[in-house]
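Hi,

Here is the structure I promised to pass on. My notes on it follow below.

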Amino acid sequence: MKVLLSWMREFAPIDGEPSFLAEAMTDLGMVVESVTTTGPSWEGIVVAKVLALRPHPEADRIQLVDVDAGDGEPLQICCGAFNMAVGDLVPLATVGTTMPGGLEIGRRKLRGQWSNGMICSAAELELGEDAEGILVLEPDLTVGADLAGALGAESDVLFDLDIEGNRPDALSVVGVTRDLAARLGVPFSLPTPTFSEVEPSTAAQASVDIQAPELCSRFGIRVLDNVSIGASPRWLASRLTAAGMRPINSIVDISNYVMLELGQPNHTYDLGRVPEGRLGVRMARDGETLVTLDDVQRRLTPEDGVITNGSDEPIGLAGVMGGASTEISDSTTRVLLEAAVWDRMTIARTSRRLNLRSEASTRFERGVDPFGIERALDRFVELAGEICGAKVATGSVVAVGGLAEPLSVPVRTARMNKILNLSLTAAEMAALLDPIGFSSTPTDDGLMVAVPSWRPDCEIEEDIAEEIGRHHGYDKSGTRVPTPTQAGALTRDQRARRRVRRTLLGDGYSEAMPMPFLAPDDLAMAGLDAAGISLANPLVAEESVLRTSLLPGLLKAVARNQSHRIDTVRLYELGRVWQPSDDELPNEYELVAAIGSGHGPTGTVERPETAAEAGVRSLYRMAAELGLRGLAVVNADVPGLHPTRAAEVRFRGNVIGSVGEVDPRVLENYGVAGRASWFELEVAPILAAMATPARYEPVSLYPSSDVDLAFVTPDDVAATDVAKTIEKAGGGLIRSVRLFDVFRSAQLGAGHRSLAYQVRLQADDRTLTDEEVADIRRRCIDEVARAHGAELRG
Amino acid sequence: MIDQLAEHEASAIAAIDGAETLDGLAEAKTASLGKSAPLTIVQRQLGSLPAEERKEAGKALNEVRRRVEARLDARTAELAEAERAARLVAERLDLTEVPTDVAVGHAHVVTQAWEELEDVFVGMGFRIAEGPEAETDWHNFDALNIPPGHPARDGFDTIYVDHGPPGSTLLRTHTSPVQIRTMLDEDPPIHIVAPGRVFRRDTPDATHTPVFHQLEGLVVDHDISLADLAGTIEAFTESYFGAGFHSRLRPNYFPFTEPSAEFDIQQPDGTWLELGGCGMVHPNVLRAGGIDPEEWTAFAFGFGIDRLAAMKFAIDDLRELFTNDVRFLSQF
């Protein structure tokens, strides 16, 4: 909302530095986004009188104009416009002037004739849009006077305000002024429009029938005759321009002016095109059509409100846009003026559906004062009488639809003071509320506050508290720090989640934050089940499915980095995924995943670790650091992963994720070069395990014995399975089983390898005898042979 | 035989000196001091000498043996040292062959800011609450005093998901639903902050991304007032931004708070920066959370985490935060 200081001053004697006023408005919640000193930078431009008009000897399109710039001497000017006559007063930019647009006026020759300045159009003065002809001034001005002074166009201040959705009243000059005047402690008043009326009356010429009271609370009309439509006077046009609206013609401009000033949108009909002046208000019927002012045929629904003519045909879209059939034209002389207040939700729905947002619909959506109608009608006819020579028919007609009862809110002084941390008396509160239109009467414990009709946002005690706080000043409430009754802390899971993150950072993975939205084929391209939940209203198709895995996002991240020639990429993400469910909400849970491409931190240039190994090593590292005892890797087919380099991650009896190398075909689909290590785990089981602290186990004080065992095992027997078998065979006396050598040779045969384990034996309560050690060794060998068909290597 | 001692000593010393390895020295030791070494034989023969001669010869023999042993020890040390030196030479590694581009993980700037904020609020006695990112329409809007059709719903540019009846499930547009969930789960007093990921159907630009992060605060207690809100914001401002930073509240509008305010941060150079929204929790919101607004009052506040992160590191385009470009991530 743009508001001119001069306009505000018509309603209250507002004074002070613009910055001070801006601060006051901001402090009231009407945030001033900019303050501009407007008005004319017209230095050097004076009122000049046309003395003579002569053709230019060399050119048809310019003429020579002799003007008196105040000294009585004729001064020759070359001018491209022909709309002035001898004796007219015109604005003259004298030599040396810098025009508002930046043009510098010098003495120069045009086709051999001297031009000693420039005669200006409204556009050149930035007074309006009209660039066609010269701006011919009122004849009563003093020749030679400064133009700015002569026009009373002193510099003005334009405040650009950000008005919040709860303040429809502040979408008007008077609303802003009322609030500011109250803060400044200066009187605010709305002048009563003055105009004379003639018979026949409005009621004799027009009528309104509200058939849908839920749609319209009040609908007022007035009739104007003898209207002559032309350009608006300069003061009006320049105010509209400053407020950001384009001047069109006097009637349209008055309509906009009244809306800006009072916040009441209004509409004019060519009364000659409304049979018998009969208007109706109802909801549209399905399939009904209406050609709106912008010449677009609109198909209506029963959710839209319409204004109809006497034949029940729609002639306007309520609160959103008028119809073309009754539009005012240059030849219109009889005007039917409407000011109505519409149901907020209906207007919001219709303007949204048709994507028709206007100054009017914005105000109706937020709530217009139903009792401001008469004043708006009167202000309109007052201006139309002055500007368009209109004859105003006697009286107005106001039809009443569904009108809410005026609201009074009981307010408890103690409650207000408690919320605001103040100690105001009821009388002090009333004094803060009164200037902004909330009248109060004392009650036993406070006030009964009548909410003004222009504040539909105020419904409860707390709303009144905001008004009191706003006008008293929020800063008066002071500061106090509440005392929590318990210690602040992260939860166990939150601390654990941080440790998971630290662990991965420590392993060289940087944290990525890919978008959680995928393209429809991203999951399939990653070799995953494509059953992700779709977004109902995605912005773009590439981001229309909720991810079910972190793989696609991290693959895209690696591909992006590779496209910038960054080959070593180690990224992790801890984030949420969604699976369809039958519950109230999708099945949402956290995953943590790490991807690595290029050479990792282990291995050397000569023998880099394979991607699959790197993935498993990172997984083990994380498990060890987080104390996830018993986490096991089990070779398996995992969607999206390399068919022969993938494993499930099992933990406490459940599969909680996967590890290995990304399927080369998937990498190809995502444009990732080389290979990529991968693991992905559910976070919840990790956090749950971390919640249980490790239990102390006494350290054995007795010596341990090591036994080395090498088995020739088929390739499809997992090394960890052999280790597990050994451990079980040891009957609780095995402290550790460590794979220390893997060896293949022609002698062992294809499809076989030797796995060598160092087995450490130890008892808690005694030194193991040689016989016991030999016995366990035997049992281990037998058990591995039995379970895996593996022979001890000779 | 005694007269041969000098000869034996000489040959033993020669053998010891001639040994070039520890193994060779072990052989020389056997040859000069072992069971069948000449000196050992001489020692065995001592018994057969007359008493006075035996004493003298024994003394001479011991001296020879001591000298040979001393030489042996010296040579052992010498050779051990040489072998260690040779082994170290053989073990030589060019440590500059180790790849220099070690992988160091960098926490995302948003996570850094997120955790720092959590720590500040934990220090002020808050706990950290969480909630789902896919939310019900009720938790995201209705319960926050934004009923269906409320114009404020438009301003949120909500992303809905295909789950349940149309319009019933959405990606939360703010962290405020966590307020509702916390109030429904816990009895007051409540002191929580809820950092989280939120979603808007926004075309990305330098100051907007469709996915971003917010931090929400909620305090419910007896006698909570606007002053408690202002004091909390001020205390947070000083501890997060540092001394010299101050805050102010000015009236604003949010459907879920009444009175509502925007809070601004004043930087040490005097300029103000709009940071977030706050206010006294609307009674309808407390009721939706199962809390009696007559018995309890509450304040809430919220602001964007990403913007704070971007400010801290002078990142001028929020889209940068989510490119996952290693060259970006590794700067922080």
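**Between the chains**

Chain A and chain B share 10 salt bridges (a side-chain nitrogen of Lys or Arg within 4 Å of a carboxyl oxygen of Asp or Glu). One of them pairs A:K418 with B:D223, with 3.5 Å between the closest N and O atoms. On the chain A side, the elements that each supply at least two residues touching chain B include α11 (413–420), α13 (461–472) and α14 (492–506); helices and strands here are DSSP runs, H or I of at least four residues and E of at least two, numbered from the N terminus.

Before you go further: this is a predicted model, where local features need pLDDT of at least 70, side-chain atom pairs count only at pLDDT 80 or more, and totals for chains, interfaces and linings use all residues. Residues are numbered from 1 along each chain as its sequence is written, chains are lettered from A and ligands numbered from 1 in the order written, and side-chain values use heavy atoms, leaving out hydrogens and water.

In total, 84 residues of chain A are in contact (heavy atoms within 4.5 Å) with 86 of chain B.

Cheers
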